[in-house]
Amino acid sequence: MAENFRRAGALRERLHFQQRGDGDDGMGGPGMPGVGPFATVFTAAAGMKPRTGGEGVDAARLGGTQPFVVTVRNTSKTRGITVAWQLVDARDEARVFAVVSPPADPDGKNQWLEFLATEGVPS
């Protein structure tokens with residue numbers, strides 16, 4: 001799938017990659033890691049292709065969610081993405097995507113990473 005994104009300009013989306021910060025323990029002490037609000041770690045260009053076909057995808061759409069295959073350049077920042085992260089569309093911040101699979105190198109050339117993200121799922 002990364003083959004479609006090899007041309008300059010094909011990564012048309014701009015996404016904020018967000019991770020949960022430390023939450024407040026309520027007693028003035030150090031917060032608990034990973035339970036605070038989401039905060040933007042970095043913003044990057046990405047390609048987003050809606051998944052179509054298949055019983056699981058059809059069932060997801062009936063449930064009000066849409067899975068996407070997200071393609072990004074392979075960098076030290078993007079390699080750190082986990083399923084605990086969320087994505088926010090930089091052009092329409094009402095669009096929020098939950099990361100549902102860790103990034104993988106689709107062609108083994110260490111140039112691109114792909115992962116699944118789902119729109120319409122609360123993070």
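Let's start with E119, which forms a salt bridge with R95, the closest N and O atoms being 3.0 Å apart. By salt bridge I mean a side-chain nitrogen of Lys or Arg within 4 Å of a carboxyl oxygen of Asp or Glu. This pair links distant parts of the chain: E119 sits in strand β6 (residues 112-119), while R95 lies in the loop between β4 (86-89) and β5 (96-99), 24 residues apart. Strands here are DSSP runs of E, at least two residues, numbered from the N terminus.

A quick word on the source, everyone: this is a predicted model, where local features need pLDDT of at least 70 and side-chain atom pairs count only at pLDDT 80 or more, while totals for chains, interfaces and linings use all residues. Residues are numbered from 1 along each chain as its sequence is written, and side-chain values use heavy atoms, with hydrogens and water left out.

Back to R95. The structure holds two salt bridges, and their shared partners join D89, R95 and E119 into one network. Is D89 buried or exposed? D89 is buried, at a relative accessible area of 5%, whereas R95 is partly exposed at 23%. For those words, buried is under 20% relative accessible area, exposed is over 50%, and partly exposed is in between, with a 1.4 Å probe and protein chains only.

Now the fold around them. Six strands close into a barrel, in the order β1-β2-β3-β6-β5-β4, with antiparallel pairing; two strands pair if DSSP finds at least two bridges between them. Strand β1 (residues 13-20) runs antiparallel to β4, and four bridges join the two. In one of these, F17 has L87 of β4 as its bridge partner.

On to the inside, friends. The largest nonpolar core has 17 residues, and those touching the most other members are L15, F17, V70, V72, I81, L87 and F115. Such a core is a set of buried Ala, Val, Leu, Ile, Met, Phe, Trp, Tyr and Cys residues joined through side-chain atoms within 4.5 Å. The largest share, four residues, comes from β2.

Last, L15: leaving aside neighbours within four places in sequence, L15 has contacts (heavy atoms within 4.5 Å) that include F42, V70, L87 and D89.
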